[in-house]
Amino acid sequence: MKKQTIGVVGSGTMGGAIAHLAALSGFPVILCDLEEKYLARAVSRMEHLMNKSVEKGRMTAEQKADVLERVELTTDLSQMAKAGVVIEAVIEDMEAKKAVFSQLDEILPPESIIATNTSSMSITVIAEATGRQERVAGMHFFNPPQVMKLVEVVRGYKTSDETVERLKELARDFGKEPIEVKKDAPGFIVNRVMIPQFIEAIRLVEEGVASPEDVDKAVTLGLNYPMGPFTLQDFAGVDIGLHVMDYFYEEFKDDRFAAPLSLRRLVRAGRLGKKTGAGWYDYEK
Ligand SMILES: NC(=O)c1ccc[n+]([C@@H]2O[C@H](COP(=O)([O-])OP(=O)(O)OC[C@H]3O[C@@H](n4cnc5c(N)ncnc54)[C@H](O)[C@@H]3O)[C@@H](O)[C@H]2O)c1
């Protein structure tokens with residue numbers, strides 16, 4: 001049976017990689033961004049990763065060419081008309097997402113699903129930009145999506161059971177493990193569990209109980225996590241964690257999510273972790 005076309009809007013870090021994942025899984029893909037140069041950057045990332053696979057003998061040059069062949073590039077959103085599912089991965093900005101959803105609603109056949117890869121925003125609010133709220137849901141991939149196994153499938157207030165099932169099935173077709181987030185709650189599951197751990201780890205350092213290095217060592221060796229909370233924050237960018245804490249604080253109005261001052265200081269000083277080479281591991285310097 002011919003596989004349905006997967007549309008991806010936004011070809012940045014996540015969108016480009018999700019399009020790659022879909023094409024690697026044998027789906028025809030249509031990838032859309034505002035300018036050709038962003039699409040070209042996404043394709044060169046795909047090529048770079050697959051060149052390494054070819055070198056290691058995990059993929060043949062023909063397979064690589066087939067994957068690239070399956071990815072159609074466009075700067076014209078109306079080309080999405082042939083997609084059965086569109087995954088939106090534009091910038092984390094509510095107005096930008098709503099604009100894309102409302103246009104897609106006009107362009108797509110009524111049975112097509114529109115999913116968002118937002119890491120924090122309300123699925124219900126995004127869905128309200130369309131006339132098909134039952135066929136809108138969150139499909140939250142983790143970075144890098146070609147490697148990370150989990151996909152959170154998130155219900156908006158009106159998302160139908162059929163939409164959830166179709167997206168879980170699609171995640172499995174991508175070789176992922178889907179879980180269902182039954183209610184539209186800030187941070188879904190992973191970020192909701194992770195952020196309080198970040199905050200508590202930072203407080204331990206602020207109180208002088210241990211250094212970032214030793215907290216990471218304790219967590220990796222004592223809890224068997226692959227990465228400690230400070231390594232993970234430095235890896236993702238220290239500003240991302242602060243952004244999510246501020247968002248949770250605003251949504252829940254709960255001190256549990258109040259960002260520690262030392263984190264805010266690091267961000268204000270532009271010491272953002274891996275991107276600048278000076279994050280938590282240089283905290284005391
Ligand atoms: N980066 C991560 O680790 C991560 C993980 C999970 C989820 N997310 C979420 O995924 C989404 C994308 O994040 P990212 O890190 O890939 O961002 P990014 O900035 O790397 O990419 C966004 C892309 O969207 C394009 N874009 C903006 N408006 C557009 C429009 N109207 N039409 C088409 N393209 C448009 C931009 O040109 C850019 O190429 C965000 O909602 C983010 O919260 C990110």
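Lysine 97 is buried, at 1% relative accessibility. Keep in mind that this is a predicted model. The lysine 97 side chain meets glutamate 92 in a salt bridge, 3.7 Å from N to O. Glutamate 92 is partly exposed, at 31% relative accessibility.

The structure holds 16 salt bridges. One of them joins glutamate 180 and arginine 155, at 2.9 Å, N to O. Glutamate 180 sits in strand 8 (residues 177-181) and arginine 155 in strand 7 (residues 150-155), so this pair ties together parts 25 residues apart in sequence. Arginine 155 is buried at 16%; glutamate 180 is partly exposed at 24%.

Next, helix 6, residues 161-173. Glutamate 165 and lysine 168 both lie there, three residues apart, about one turn of the helix. Their side chains form a salt bridge of 3.9 Å, N to O. Lysine 168 is buried at 14%, while glutamate 165 is partly exposed at 44%. These two pairs belong to a salt-bridge network of Arg155, Asp161, Glu165, Lys168 and Glu180.

On to the nonpolar side. The largest nonpolar core has 32 residues. Helix 1 (residues 13-24) gives the most to this core, with six residues. Phe174 is among those with the most contacts inside the core, alongside Ile6, Met139, Phe141 and Leu167. Beyond its sequence neighbours within four places, phenylalanine 174 touches Ile6, Leu21, Ala22, Ser25, Phe27, Ile87 and Phe141. Another core lies apart, with 21 residues, including Met94 and Val154.

The search finds one cavity of 30 Å³ or more. Helix 5 (residues 123-127) gives the most to the lining, three residues. By class, that lining has four nonpolar, four polar and one charged residues.

Definitions and conventions:
Residues are numbered from 1 along each chain as its sequence is written. This is a predicted model: local features need pLDDT of at least 70, side-chain atom pairs count only at pLDDT 80 or more; totals for chains, interfaces and linings use all residues. Side-chain values use heavy atoms; hydrogens and water are left out. On a 1 Å grid over the protein atoms alone, a cavity is a set of points where a 1.4 Å probe fits but cannot get out, and a pocket is an open set with protein on both sides within 12 Å along at least five of seven lines; lining residues have an atom within 4 Å of a point. Grid points are joined across faces, edges and corners, and a volume is the space filled by probe spheres set on the points. Helices (H or I, at least four residues) and strands (E, at least two) are DSSP runs, numbered from the N terminus. Ala, Val, Leu, Ile, Met, Phe, Trp, Tyr, Cys and Pro count as nonpolar, Asp, Glu, Lys and Arg as charged, and the others, Gly among them, as polar. A nonpolar core is a set of buried Ala, Val, Leu, Ile, Met, Phe, Trp, Tyr and Cys residues joined through side-chain atoms within 4.5 Å. Buried means under 20% relative accessible area, exposed over 50%, partly exposed in between (1.4 Å probe, protein chains only). Contact means heavy atoms within 4.5 Å. A salt bridge is a side-chain nitrogen of Lys or Arg within 4 Å of a carboxyl oxygen of Asp or Glu.
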